[in-house]
Amino acid sequence: MPSANSLTQEDLGSAAQRDRRRRILDATITLASKGGFDAVQMRAVAEEADVALGTLYRYFPSKIHLLVSALGREFERTQGALERRPLEGDTPADRVVNLLERNTRGMQRDPHLTEALTRAFMFADSSVLSEIEVAGMYLTSMLTRAMKGDDVDPTADDVAIARVIGDVWMANLVAWVTGRASAADVSRSMDVAVRLILR
């Protein structure tokens, strides 16, 4: 019987379990990159990751849990990349716009993966709350660092502002994934939104 939540890195006691979780997420991202949301079937993920289907369900109780966890890991990787290549810009708004443009360009280079991750985020209900919180934590952390820098602890207001910007960005990604907005539309919309919020 699947558990209510996905097993996180912290839940896993052994290196073998952590490696199994990594393989499952790698397989998810591979399948999503090839065929989008519909290509990520639990049996196909289990085969690609070389784990039993029952094992997959113990780690991730549903496809939505799996894809939202993959989104969190993609944000974690992006955060690591930012440490190697700092953001450009003289003002908080400039740096936040730079961050979002880099993230958006990266996601638009892999439209199938972006479609899968964004649709999963849209379909997620309260049972996926902990996975959504992990993804949101990474995005909020990146945004507050862009706003304040590495050496300043964000205030509660900074975190609230970052969450609003993150919500607007996700809404724009949904519009792009569903064909209601172009990549250029997303860039323009985010530039306007960020500069209004951070002025």
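1. Start with what the lining of the largest pocket is made of: eight nonpolar residues, four polar and seven charged. That makes 19 lining residues, and those nearest the pocket's centre are Thr78, Arg102, Asn103, Gly106 and Met107. Bear in mind as you read on that this is a predicted model.

2. Which helices build that lining? At least two residues each come from α4 (63-84), α5 (92-109) and α6 (111-123). The largest share belongs to α4, with seven residues. As for the space inside, the largest pocket holds about 410 Å³.

3. There's also a cavity to look at. Searching the whole structure turns up one cavity of 30 Å³ or more, and the volume of the largest cavity is about 50 Å³. Its lining consists of Val97, Leu100, Glu101, Thr104, Val186, Ser187, Met190 and Asp191. By type, that's four nonpolar residues, two polar and two charged.

4. On to the annotations. An unreviewed UniProt entry carries "domain: HTH tetR-type" over residues 18-78. In the model, that span is 80% helix and 0% strand, and its end C-alpha atoms sit 20 Å apart.

5. The unreviewed UniProt entry also has a "DNA-binding region", covering residues 41-60. Here the chain is 75% helix with 0% strand, and 12 Å separates the end C-alpha atoms. Both labels come from the record.

6. What about the fold as a whole?

7. Overall dimensions: the C-alpha trace of the protein chain spans about 50 × 35 × 30 Å along its principal axes. Why does a radius of gyration of 17 Å agree with a compact globule? Because a compact globule of 199 residues would come out near 16 Å.

8. Finally, burial and contacts. Of the 199 residues in the protein chain, 44% count as buried. Taking contacts between residues at least 6 apart in sequence, 69% of them join residues at least 24 apart.

Conventions
Residues numbered from 1 in each chain as written. Predicted model: local features only at pLDDT ≥ 70, side-chain atom pairs only at ≥ 80, totals over all residues. Heavy atoms only, no water. UniProt positions renumbered as here; feature names shortened; annotations may be inferred. Helix = DSSP H or I, 4+ residues; strand = E, 2+ residues; numbered from the N terminus. 1 Å grid on protein atoms, 1.4 Å probe; cavity = no way out; pocket = protein on both sides within 12 Å on 5 of 7 lines; lining within 4 Å. Points joined across faces, edges and corners; volume = space filled by probe spheres on them. Nonpolar A, V, L, I, M, F, W, Y, C, P; charged D, E, K, R; others polar. Rg over C-alpha atoms; globule rule 2.2 N^0.38 Å. Buried < 20%, exposed > 50% of the residue type's maximum accessible area, 1.4 Å probe, protein only. Contact = heavy atoms within 4.5 Å.
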